[in-house]
Amino acid sequence: MADNVREIAKRANVSPATVSRVMHQAENVKPETRLRVEEAMRELGLSADKLVRSAKKENHVIGVLVPDLTNSFFIELIQGIEEIADEIGIRTIICHTKESDKLEVQYLRLLKDIHVGGIIITPTSDDDDSINNEYLNLLSNMKIPVVLLDRDVKYLKYSGIFIDNERGAFEATKLLISNGHRKIALIGGPLNTVPGRGRREGYINAFKLNNIPLCEDIMFEGDFSINSGMQITEKILREHPEVSAIFSSNNHMTIGCLKKLKEEGLSVPEDIAVVGFDDIKRMNFSNLADNVTVVDRPTHEMGVQAIRMMNKILNGKTEMERRIILMPKMAIRGSEKLLETNRGIKYL
């Protein structure tokens with residue numbers, strides 16, 4: 001590709017940098033210069049699109065955008081991505097968006113400017129049309145492969161690796177119900193994300209399919225943070241003594257829930273049952289997590305499959321949109337049990 005750029009530059013009597021700016025449709029090129037470069041490309045039988053694709057393939061650099069590097073789930077995703085990336089010669093630029101849609105857009109602009117060959121992204125939100133449209137436009141204008149990881153986006157169907165959130169939450173809630181719980185509080189995720197909505201839906205469906213009345217006043221929306229898990233748990237303990245079990249929709253909120261229960265001198269499951277989504281045993285909270293039943297998903301495998309999918313696209317082995325949905329499993333450790341000492345048992 002570099003030889004082609006130099007040949008175009010020589011024929012158009014411009015610098016290779018100017019040819020690159022024309023190829024990438026930069027605005028800081030004089031119209032007459034742009035015409036000379038485009039004419040040189042035509043004479044040589046080359047096109048800007050083919051040259052850009054060739055450059056991206058040669059560079060083997062992709063951007064990876066994740067929303068929370070304090071969460072072991074995303075760390076494991078990146079470990080899976082980089083394990084395979086190292087084997088196949090792809091280099092990654094890790095961008096921590098901190099659950100900020102504005103920061104996400106800034107990183108996308110940066111990756112666009114440095115002409116990465118592809119992007120693996122866990123979007124911060126799929127439900128804010130103003131931001132969603134902005135980053136979708138950015139991704140579309142970059143004209144590069146995009147692989148979604150864990151979370152979806154609205155309107156465009158990119159390839160991606162996902163988990164069956166609804167199924168995982170359904171199985172977790174069903175497990176609590178099968179153990180005799182009826183007043184099961186939900187610490188849900190943000191409803192502007194696919195995981196937040198899917199896990200809430202799974203929770204609701206478990207009640208419906210078991211013909212058990214749903215108590216909407218014990219369904220809460222958190223933000224996937226430890227702090228929101230603590231705040232919601234405090235509210236449950238203070239305002240809803242009838243609750244005998246809690247289903248928490250992600251690992252950080254589960255940690256927050258367990259920390260608050262410990263602060264209040266409560267034990268799991270002796271005083272209240274807890275089941276979480278995503279394992280927390282691999283996090284630095286072993287004193288809280290040893291006996292907690294969780295929905296465990298193949299996190300490392302999700303990262304591995306995402307980078308393999310990207311590699312196939314970069315090498316022209318697949319043009320079709322492909323969406324892989326992996327199934328979570330229950331890791332049952334005893335925290336789901338209904339005991340005579342449970343705080344809410346007298347209300348059942």
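A crossing of two helices is right-handed if the near helix is turned clockwise from the far one by less than a right angle. The views below are close-ups of a predicted model.

**View 1. Helices α10 and α11 cross in the right-handed sense.** Helix α10 covers residues 226–239, and helix α11 covers residues 251–263. Their axes lie 7 Å apart. The packing angle is about 45 degrees. That makes α10 oblique to α11.

**View 2. Residues of α10 meet residues of α11.** From α10 come I226, S228, G229, M230, T233, E234 and L237. Across from them, α11 contributes H252, M253, I255, G256, C257, K259, K260, L261 and E263. Sorted by class, this contact holds seven nonpolar, five polar and four charged residues.

**View 3. Six strands form an open sheet.** Read the order as β2-β1-β3-β4-β5-β11. The pairing is parallel. Strands β2 (91–96) and β11 (323–326) stand at the edges. Each has a single partner strand, so one side of each is left without a neighbour in the sheet. On average, neighbouring strands are turned by 15 degrees against each other, direction ignored.

**View 4. Strands β3 and β4 run parallel within the model.** Strand β3 spans residues 118–121, and strand β4 spans residues 146–149. Three bridges join them. Look for I119: V146 in β4 stands opposite.

**View 5. Helix α5 packs on the six-stranded sheet.** This helix runs over residues 72–88. It touches β1 (61–66), β2, β3 and β4. The direction of α5 makes about 165 degrees with that of β2.

**View 6. Helix α13 also packs on this sheet.** Helix α13 consists of residues 299–314. Its contacts are with β1, β3, β4, β5 (159–163) and β11. Between the directions of α13 and β5 the angle is about 170 degrees.

**View 7. Strand β10 pairs with β9 in the parallel sense.** Strand β9 covers residues 273–277, and β10 covers residues 293–296. Three bridges link the two. V275 has T293 in β10 as its bridge partner.

**View 8. Strand β10 pairs with β12 in the antiparallel sense.** Strand β12 is made of residues 329–331. Again there are three bridges. Here D296 stands opposite K329 in β12. Strands of a sheet pair through backbone hydrogen bonds, either parallel or antiparallel. Strand β10 shows both senses: parallel with β9, antiparallel with β12.

Conventions
Residues are numbered from 1 along each chain as its sequence is written. This is a predicted model: local features need pLDDT of at least 70, side-chain atom pairs count only at pLDDT 80 or more; totals for chains, interfaces and linings use all residues. Side-chain values use heavy atoms; hydrogens and water are left out. Axes are lines fitted to C-alpha atoms, for helices over the stretch in contact, and angles run from 0 to 180 degrees between N-to-C directions. Helices (H or I, at least four residues) and strands (E, at least two) are DSSP runs, numbered from the N terminus. Angles under 35 degrees count as roughly parallel, over 145 as roughly antiparallel, 65 to 115 as roughly perpendicular and the rest as oblique. Contact means heavy atoms within 4.5 Å. Ala, Val, Leu, Ile, Met, Phe, Trp, Tyr, Cys and Pro count as nonpolar, Asp, Glu, Lys and Arg as charged, and the others, Gly among them, as polar. Two strands pair if DSSP finds at least two bridges between them.
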